Amino acid sequence: MAPNLAAQPVTPPEVVPTAASADNAPIARPSPPPADIMLPEVAPIIDDEEFESAIPPISAEDDPELGRPLESIADFERRQAADAARAGAAAGEPAPTVNGVPIPALADGDPVEAIGDAPISDSELAAPLPPLESFDVEPVEFAEAEDDRENVSVAYTVQLTGLASADDSTDADLADLFGDLSALYDGDGKADNAAMVRARLTADGELMQRILASEGYYDAVVDTRIDRGEREEAEEGQPRQRRPITAVIDVTPGQRYILADIIIKAAPTVPPTLIADNFPLSIGEPIVAQRIQGAEAALALKLPEEGYPFAEVRQRDILLDGATGDGVYTLPIDIGKRSRFGGIETTGDLAFDAEHVAVLARFKRGDLYDSRKVDDLRQALVATGLFSTVAAEPQPTGESAGDDTEYVTMLVTQQAGPPRTLAASAGYGTGEGIRLEGSWTHRNLLPPEGALIFRGVVGTREQGIGATLRRSNAGRRDRTFELVAEVARNDYEAFNAITGRIGARVSYDSTPIWQKKFTYAYGAELIATREDDYDFAKGERSFDFYTILGLTGQVGMDRTDSLLDPTKGFRITSLIQPEGSLAGRFSPYARLRTDISGYYPVTDSIVLAGRIRFGSILGAARERLAPSRRFYAGGGGSVRGFGYQELGPKDPDNDPIGGRSINEMAVEARYRFGNFGVVGFVDAGQVYRGSAPTFSDLRFGAGIGARYYTNFGPMRLDVATPIGRKPGEALVSVYVSIGQAF
């Protein structure tokens, strides 16, 4: 059966003019069938071979006429005319006449004769063409010299008129906004040709129309034109100057439309004024696009924060009345079902299961849905470093949660990423020298989030290797459990040591995602170390071996606005470390230290920062303490202007030997501009032999620093000098690190 082609869409015939018709009427020319019509295949009546065999052979022998040369067109026309005349005479038709007078026959008897070409009177036209290789082409000389390429560009100026009245009535600077986006201004008054100027002018006219409409001037008229000035006379030998061009934009703002009524079409919410309280538009204000879009975005953000995860702000409608300048604004909103958090499900290539996702979540079943908590969960998942991609989205369940709400399931879609990481860091400080640290980490060797870390340190004063087994988010978000084993060699002015250490620690810490008001840490460690110390009885340094068993407890309070770069608030951290040292006999003691820092914003770009530190060791004489467990001061994280551990009691060789108490103070003025900053600072501090700081003999250092701010904190370069410098102290100390000094 043949296909039904009549049911297929057919393109109407294309109409084109043709010179063949006497009256130039259009002739319909059918278009080819559309590409979507499938024509049926038709079998041929005979094949090609049968067709060729059925045609009789034709040659000049069979028909002599085929071998004769073709006559010229003139001879053909002449013969045709003669044949027509003879045929007319034989039929008794009268001879051709002009105004009734018969046309006499020519010499050959033909009343019609073809007219040949006119004779060639110019001998040059009849001469043969010269050979191509001898053909000489001379450039055509124009009356006006052609411009060089560098002189082709067109200079123009821009003239904007009529915008002042609209500009004065808006909060935005319309002229400045237009200047930032204008193609004419972006061209810096130069174009390749006048057509380019006109194209820019047309685009800028449309831009001005959009800018005015965005501020409520919907009836604005923007006219554009190009004015050409008089051509300036060029100096002799110089190219003729082009006429100056002015691109003119004339603006007639018209009336400014205002909101005469605001209609929100939405179901009732809980609380009833939820939409009204968070919708900043009001009747009587101008219809400004940025204000309207911002108000709609505010609702789209607020509703999911207040228990409506599926709220949808739909397309607005603004009805304008040109006679009055009023606009009626209508906004439909589908608020969806009010919901509460239910369970957690996970899918995809899993790094860990839904149970561990629940550990990271800061909500529990039955809590009112809040999109901020969902964003926090998503950020916490990303912070684990275990995913290439991860998403968390609410899914409706239809299960009633009471109070006209229903449960939603949080669906976490995981795509596990590479779990291994190589990292490196570097630093430099006077007295510490260069310090390079590298590490290899498998972040999920023991799921969930059981990491194995190998680290190594190479520096001019310190070398070491270590391994850490760390469980992040151990049963609670941001709680970390660590087991550490390490061996280090230290070669400082204060002491030389080879130390082995194993320790365990549990901490509850702040993170950039969740900065906590209170933090804590506790743990235990066992240290075996061989260190040298100055023996005043013998008058020389000698090595001793110490075995130290200690506990650690730390609490912190944080009321600052940023973990990495605070600008206001304060922090307090207190540390207590009960320890026992065995070097000949057991010596118990306790190390106490308190740090307080505060921050005050003077302006948006200037912050005053200050800190104080107090420390004391109770229960043992200095000689019974391992040198590495004593207090020292000086360096980039202590008193800048001095070398590392340089302050405090010294031996006869002027090397520091540490003390049992410490105090430090610092004041900084931080000025930030963009991603850069400058810091001026004054530090002070001292270390004492006794267990209580006396605040006497304080040493001061002053300096200046540079900061480069990144998304993981500022990079720091500080240069300082001691005030009242003593023999052996460096004139200038340099410190390079990551993060603020405090």
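**Exercise 1. A charge over a ring**

*Solution.* The structure is a predicted model. Step 2: an Arg counts as sitting over a ring if its CZ is within 6 Å of the ring centre and within 35 degrees of the ring normal. Step 3: a further case is Arg640, whose charged end sits over the ring of Phe681, 3.8 Å from the centre of that ring.

**Exercise 2. The chain as a whole**

State how many helices and strands the protein chain has, and what share of its residues is buried.

*Solution.* Step 1: the secondary structure comprises eleven helices and 31 strands. Step 2: the protein chain has 742 residues, of which 34% count as buried. Step 3: among contacts in the chain with a separation of 6 or more, 58% are between residues 24 or more positions apart.

**Exercise 3. The largest nonpolar core**

Identify the residues with the most contacts inside the largest nonpolar core, and the elements that supply the core.

*Solution.* Step 1: the core has 22 residues, and those with the most contacts inside it are Leu163, Leu184, Val197, Met208, Leu212 and Ile249. Step 2: two or more residues come from each of β5 (154-161), α5 (174-181), α7 (194-214), β7 (221-228) and β8 (245-252). Step 3: α7 gives the largest share, six residues. Step 4: another core, of 19 residues, lies apart from this one, and includes Leu360, Ala361, Leu381 and Met410. Step 5: as a general background, nonpolar side chains tend to be buried together in soluble globular proteins.

Which residues does Leu184 touch, leaving aside its neighbours within four places in sequence?

*Solution.* The contacts of Leu184 are Tyr156, Val158, Gly189, Val197, Arg200, Leu201, Asp204, Ala247 and Ile249.

**Exercise 4. Antiparallel pairings**

Trace the pairings from β25 through β26 to β27, then those from β16 through β17 to β18.

*Solution.* Step 1: β25 (residues 585-601) and β26 (residues 606-618) run antiparallel and are joined by twelve bridges. A hairpin of four residues connects β25 to β26, and Gly598 stands opposite Gly610 in β26. Step 2: β26 also pairs with β27 (residues 661-673), in the antiparallel sense, over eleven bridges. Here Ala609 has Glu668 in β27 as its bridge partner. Step 3: ten bridges link β16 (residues 420-429) with β17 (residues 433-442) in an antiparallel arrangement, in which Ala424 is partnered by Gly438 of β17. Step 4: β17 runs antiparallel to β18 (residues 450-459), with eight bridges between them; Arg435 is partnered by Gly459 of β18.

**Exercise 5. Aromatic pairs**

What is the geometry of the pair Tyr492 and Phe495, and are Tyr492 and Phe495 buried or exposed?

*Solution.* Step 1: the model has 18 aromatic pairs. Step 2: Tyr492 and Phe495 lie 5.9 Å apart, centre to centre, with 80° between the planes, and the pair is edge-to-face. Planes over 60 degrees apart count as edge-to-face. Step 3: Tyr492 is buried because its relative accessible area is 12%, and Phe495 is buried at 6%; the cut-off for buried is under 20%. Step 4: Tyr534 and Phe536 are likewise edge-to-face, at 4.9 Å centre to centre and 75° between the planes. Tyr534 is buried at 11% relative accessibility, whereas Phe536, at 42%, is partly exposed. Step 5: Tyr492 and Phe495 belong to one aromatic cluster with Tyr632 and Tyr644.

Terms used
Residues numbered from 1 in each chain as written. Predicted model: local features only at pLDDT ≥ 70, side-chain atom pairs only at ≥ 80, totals over all residues. Heavy atoms only, no water. Core = buried A, V, L, I, M, F, W, Y, C linked by side-chain atoms within 4.5 Å. Buried < 20%, exposed > 50% of the residue type's maximum accessible area, 1.4 Å probe, protein only. Contact = heavy atoms within 4.5 Å. Pairing = 2+ DSSP bridges. Phe/Tyr/Trp six-rings, centres within 6.5 Å; stacked < 30°, edge-to-face > 60°.
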